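Here is a short report on a protein model and its ligand.

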Amino acid sequence: MTEAEIVRRLRAAGSVFAEREAAMLVAEAGDADELAAMVARRVAGEPLEQVVGWAEFDGIRFVVEPGVFVPRHRTEFLVQQAARFGHLSAVVLDLCCGVGALGVAVRSRLGGGVELHAADLDPAAVRCARVNVRLGAVYEGDLFDPLPELLRGRVELLLANAPYVPSGDIALLPAEARDHEHAIALDGGTDGLDLHRRAIAGAPSWLAPGGRLLIEVSERQAAMAASLMQSAGLEVESAVDEDDHDTTTVLIGRRRP
Ligand SMILES: C[S@@+](CC[C@H](N)C(=O)[O-])C[C@H]1O[C@@H](n2cnc3c(N)ncnc32)[C@H](O)[C@@H]1O
């Protein structure tokens, strides 16, 4: 199959970046059969990142398996915010880590001395994170459950990009997400904040004094999520990404020093 033919097929399937995608598929495929299979998967609607097996986030490449959440560029804003508060040897916990992109990106911004822990419930996400995190620990289980007790009270940056799509809005997501990312990576319950409620309630006992919890929410969830943080005793600050046309809001809850 020629690259021009691939572009034509991708365009017919609705790809807006057909030329760029075709060039990536050609570059990543080992032989003609593999290329044909990859093109077929992409034409059927699988995210490009799952087809080629990697995603770029904050300038770093991450291994991504089929079905696993593809880190979104909008979440680089959370990483930027976290890096404002970190230091060379910060203790960082990436909760609901997916492929581990947030923790690795924060570590890369802060420097190699960071102590990185990451956890996720989805075994496929954990498999990816174990490849991507390398120097650091990756745990499998429900929120804080799999973490070692020794970490309690020591976390300086707790990153939690948990699922926050309200259950009723899942049907409105693009098919790439709805059909090709595991439901537990997307569905945040009735108001989208089920996971955040539990993460916020648990955070104070894992944070070091002065440590911060950072979460990403939609604009309409921000007030409720901020009040949950205040009820948990955290001092709340919010940061809004004005460059993002979807408006990405990051809430930062600080345990008092
Ligand atoms: C929106 S994805 C974000 C992944 C990653 N933080 C990122 O931004 O790329 C949410 C992640 O939360 C995980 N998750 C869902 N429920 C969980 C739970 N109860 N405990 C731990 N992780 C959970 C999913 O498997 C998924 O990887």
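A nitrogen atom of the ligand sits 2.9 Å from a polar backbone atom of Leu143. This is a polar contact (a pair of N or O atoms within 3.5 Å). The model is predicted: local features need pLDDT of at least 70, side-chain atom pairs count only at pLDDT 80 or more, and totals for chains, interfaces and linings use all residues. Residues are numbered from 1 along each chain as its sequence is written, and side-chain values use heavy atoms, with hydrogens and water left out.

| Protein atom | Ligand atom | Distance |
|---|---|---|
| Asp142, polar side-chain atom | nitrogen | 2.7 Å |
| Leu143, polar backbone atom | nitrogen | 2.9 Å |
| Asn161, polar side-chain atom | oxygen | 2.8 Å |

The protein buries 96% of the 590 Å² that the ligand exposes when taken alone. These areas come from the Shrake-Rupley method with a 1.4 Å probe. The ligand is surrounded by 17 residues, each with a heavy atom within 4 Å of it. Cys96 and Asp120 are among the closest. By class, the shell holds 11 nonpolar, three polar and three charged residues.

Now the cores. A nonpolar core joins buried residues (under 20% relative accessible area) through side-chain atoms within 4.5 Å. The largest has 36 residues. Val92, Val106, Leu157, Leu159 and Leu214 touch the most other members. Elements giving two or more residues to this core include β1 (54-57), α6 (101-110) and β9 (248-254). A second, separate core has 30 residues, including Leu93 and Phe144.

Methods: Polar contact = N/O pair within 3.5 Å; in protein donor to acceptor, adjacent residues only side chain to side chain. Nonpolar A, V, L, I, M, F, W, Y, C, P; charged D, E, K, R; others polar. Buried < 20%, exposed > 50% of the residue type's maximum accessible area, 1.4 Å probe, protein only. Helix = DSSP H or I, 4+ residues; strand = E, 2+ residues; numbered from the N terminus.
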